[in-house]
Amino acid sequence: MPEGALRTPLYADHLAANARIVEFAGWDMPVQYDSVIAEAKAVREHAGMFDVSHMARLILRGERVFDYLEHVTSNDVPKLADGTGQYSLLPNATGGLVDDIIVYRIHETEYRMVVNAANHAKDLAHLQVQNTYLVTIEDITLETAMIAVQGPAAVTILAGMSDAEAAFLDAPAFGVVEAQVAGVPVFAIRSGYTGEDGYELVCPKAQASHLWKALSGAGVKPCGLASRDTLRVEAGLPLYGHELSETMSPISAGLGWVIGKTKKFLGSDIINQARETGTPRRLVGVRLDAKRLTTPGMKVFVEGVEVGEVSSGVVSVVLECGIAFAFVDTSVKFGTPCTVEIRGKQEPATVVNKRFLKK
């Protein structure tokens with residue numbers, strides 16, 4: 001393994017479970033414990049859990065923190081009530097994205113933010129440059145762990161293990177529950193990255209192993225990065241560095257729904273111009289006829305003419321075929337037959353909505 005890679009508080013638990021470890025975004029992370037198929041099925045049919053402690057966790061405080069977040073994020077911060085969150089974006093000044101994030105309001109002068117591991121340092125630097133609002137930014141990533149519990153049984157299992165059963169059962173999407181699970185204090189967020197219901201649990205790092213073991217004992221299957229990637233593509237969820245970047249417009253990725261239509265924010269003029277005029281290419285789903293794996297950069301063709309390229313590709317456990325995200329010419333419609341060039345061969349496929357599984 002690479003020297004200097006960070007390790008989450010659950011690293012020893014992953015080794016004990018014979019997980020295969022890979023370096024990801026500067027962290028030694030479990031890519032899989034069992035087969036990808038078994039892990040993905042556990043999440044789709046019952047409950048699985050992921051160590052997502054590598055994702056950065058920030059607390060923002062200050063009298064003007066609301067104004068600051070309205071400036072640096074794309075979504076409408078006024079929509080947040082205490083104890084609720086929203087998916088949002090960190091735009092740059094040129095119409096691209098620094099990152100995609102989740103923002104939670106704790107109360108009027110305190111918010112939390114979760115950002116991607118690969119963008120941790122970059123996001124902090126960007127947030128500090130934009131911080132003319134005297135906001136205090138506290139990075140609690142290394143003091144805490146985060147475990148995502150996902151699947152149709154996830155909420156019921158967590159509720160039964162907690163001291164706040166009704167709160168876990170009743171919280172809305174992106175709602176926050178602060179309680180104990182298996183005796184461990186957690187900041188629980190009803191969200192995830194799989195298309196299934198569930199929570200992401202932030203807890204003190206010293207108690208992370210106890211919580212992980214308790215969840216496993218309750219029938220929640222440990223899952224790695226490989227199945228997580230399969231699940232997020234099935235659910236139509238973008239990944240920074242693949243579907244989002246510093247230079248791509250979030251409009252081309254279909255993220256207009258998390259961009260306030262009337263607010264003024266960093267880069268809003270350029271993004272709103274792209275919303276009005278459209279972009280040359282847009283993000284779509286591509287469903288292959290066979291179980292073929294595509295990789296970023298593979299070309300997509302319609303009637304022999306190149307119309308785009310793949311940004312992410314997996315083999316879907318549920319659909320039992322290859323699926324991909326691709327940026328294609330905006331003139332290409334859903335239902336259009338196409339091909340993807342895989343190692344010199346044109347594999348038949350169809351352009352579809354990028355949400356392959358609708359829950």
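**Cavity, pocket and aromatic contacts in a predicted model**

Strand 5 (56-61), strand 8 (110-115) and strand 12 (184-189) each supply at least two residues of the lining of the largest cavity. Helices (H or I, at least four residues) and strands (E, at least two) are DSSP runs, numbered from the N terminus. This is a predicted model, in which local features need pLDDT of at least 70, side-chain atom pairs count only at pLDDT 80 or more, and totals for chains, interfaces and linings use all residues. Residues are numbered from 1 along each chain as its sequence is written, and side-chain values use heavy atoms, with hydrogens and water left out.

Let me stay with the cavity. On a 1 Å grid over the protein atoms alone, a cavity is a set of points where a 1.4 Å probe fits but cannot get out, whereas a pocket is an open set with protein on both sides within 12 Å along at least five of seven lines; lining residues have an atom within 4 Å of a point. Grid points are joined across faces, edges and corners, and a volume is the space filled by probe spheres set on the points. The structure holds one cavity of 30 Å³ or more, and the volume of the largest cavity is about 50 Å³. Its lining consists of Arg-57, Leu-58, Arg-112, Met-113, Val-114, Ile-140, Phe-187, Ile-189 and Val-202. Strand 8 contributes the most, with three residues. By class, the lining has seven nonpolar, no polar and two charged residues, where Ala, Val, Leu, Ile, Met, Phe, Trp, Tyr, Cys and Pro count as nonpolar, Asp, Glu, Lys and Arg as charged, and the others, Gly among them, as polar.

I turn to the largest pocket. About 1300 Å³ of space lies in it. Its lining comprises 46 residues, and Tyr-87, Gly-192, Tyr-193, Leu-237 and Pro-238 lie nearest the centre. Strand 7, strand 8, strand 13 and helix 8 (225-234) are the elements that give two or more residues to this lining. Helix 8 gives the most, with four residues. The lining of the largest pocket divides into 23 nonpolar, 11 polar and 12 charged residues.

Next, the aromatic rings. How many aromatic pairs does the structure hold? There are five. Rings of Phe, Tyr and Trp (its six-membered ring) pair if their centres lie within 6.5 Å; planes under 30 degrees apart count as stacked, over 60 as edge-to-face and the rest as tilted. Phe-168 and Tyr-199 form an edge-to-face pair, at 4.9 Å centre to centre and 65° between the planes. This pair links distant parts of the chain, 31 residues apart, with Phe-168 in helix 6 (residues 165-170) and Tyr-199 in strand 13 (residues 198-204). Both Phe-168 and Tyr-199 are buried, that is, under 20% relative accessible area, with exposed over 50% and partly exposed in between (1.4 Å probe, protein chains only). Phe-325 and Phe-356 are stacked, at 6.4 Å centre to centre with 20° between the planes. Phe-325 counts as buried because its relative accessibility is 1%, and Phe-356 counts as buried at 13%.

Two arginines complete the account. Arg-228 lies over the face of Phe-50, 5.8 Å from the ring centre, and the charged end of Arg-282 sits over the ring of Phe-334, 4.7 Å from its centre. The criterion is that NZ of Lys or CZ of Arg is within 6 Å of the ring centre and within 35 degrees of the ring normal.
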